Amino acid sequence: MAYNLLKGKKGIIFGALNDQSIAWKIAEKCYEEGAEIVLTNAPIALRMGEINKLAESCGNAPVIPADVTSNDDLKNLLTKSMEHFGGQVDFILHSVGMSMNMRKNNPYTALNYDFTHKTFDISAMSFHRVLQLAYQMDAIREWGSVVALTYIAAQRVFPDYNEMADAKALLESIGRSFGYNYAKKNKVRINTVSQSPTRTTAGSGVKGFEGFITFAEKMSPLGNATAEDCANYCVTLFSDLTKMVTMQNLFHDGGFSFTGVTAEVIEQMEK
Ligand SMILES: NC(=O)c1ccc[n+]([C@@H]2O[C@H](COP(=O)([O-])OP(=O)(O)OC[C@H]3O[C@@H](n4cnc5c(N)ncnc54)[C@H](O)[C@@H]3O)[C@@H](O)[C@H]2O)c1
């Protein structure tokens, strides 16, 4: 059921790769709630063409390529988006992450630093890049809202999350620091949403992901939050109903983050 929560709002969605992507569900939900959107992803990710299906189902949304490590690409994205919308945007979703160390199975104690730089650049510094360019280009309307997706490995150790844990800690810190500055400039709010493990291309890249997601399911009183649940939550954060929420890391994880142990886990241990 739609509530028209985003009627008249215009937003940019980063990171929809395929229909498993969390950003894909968020784009669909934003459109369903009345928003107009622009979709973006790295040029190489667009080559597969999957995103065109999403664009079609979201009112023929423009698809503008941008590698998040390139200032020029991001500037072009913001310029073209504002041209398309005829003015500033109301919301931005950052749903981007990548680790070559994970892909190559390099453990945390034997990182390849060229890969680590890339991880930090793509998964964390890109958030600063997007915000700084938007700030300088005055691309976000007053009371606009920006959300980036993150994971609880930023606060607690999940060994196989590798250097992505450090990238997420940086991402969340950037959300807070820029949240202060952008609130002062023109009341733009910035939050990170810390999502449950979710079966996606990036998610499944984590070593032992199936065990990991099952454990989280048993450790969450409400169960794991799905990508669709995440989309619903992000819609509320883009809406005017959450205007005073900023600089927060918001756990969207069925209660996992504050649970010490559950009956299901104890039962498993007693077997
Ligand atoms: N899946 C999970 O378990 C989970 C849990 C918590 C948080 N997250 C976060 O959610 C976000 C989205 O991930 P997902 O799980 O939907 O996986 P996904 O693989 O569908 O999305 C990751 C996206 O990042 C994009 N990307 C990578 N390098 C890029 C670059 N240089 N420029 C532009 N885009 C680039 C990819 O093309 C892809 O669209 C990530 O930040 C991820 O860390 C995922």
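Author: The residues of the shell around the ligand divide into 13 nonpolar, 12 polar and 1 charged, where Ala, Val, Leu, Ile, Met, Phe, Trp, Tyr, Cys and Pro count as nonpolar, Asp, Glu, Lys and Arg as charged, and the others, Gly among them, as polar. This is a predicted model, in which local features need pLDDT of at least 70 and side-chain atom pairs count only at pLDDT 80 or more, while totals for chains, interfaces and linings use all residues. Residues are numbered from 1 along each chain as its sequence is written.

Reader: Which residues come nearest to the ligand?

Author: A residue is near a molecule if its C-beta atom, placed from the backbone, lies within 6 Å of it. Of the 26 residues around the ligand, S21, G97, T200, A202 and G203 come nearest.

Reader: Why is strand β3 described as largely enclosed by the rest of the structure?

Author: A residue is buried if 20 or more other C-beta atoms, placed from the backbone, lie within 10 Å of its own, exposed if 12 or fewer, and partly exposed in between. In β3 (residues 89–94), 6 of the 6 residues are buried, so the strand is largely enclosed by the rest of the structure.

Reader: How many bridges join β3 and β4?

Author: Two strands pair if DSSP finds at least two bridges between them; β3 and β4 pair in the parallel sense over 5 bridges, and H94 stands opposite A148 in β4.

How values were computed. Helix = DSSP H or I, 4+ residues; strand = E, 2+ residues; numbered from the N terminus.
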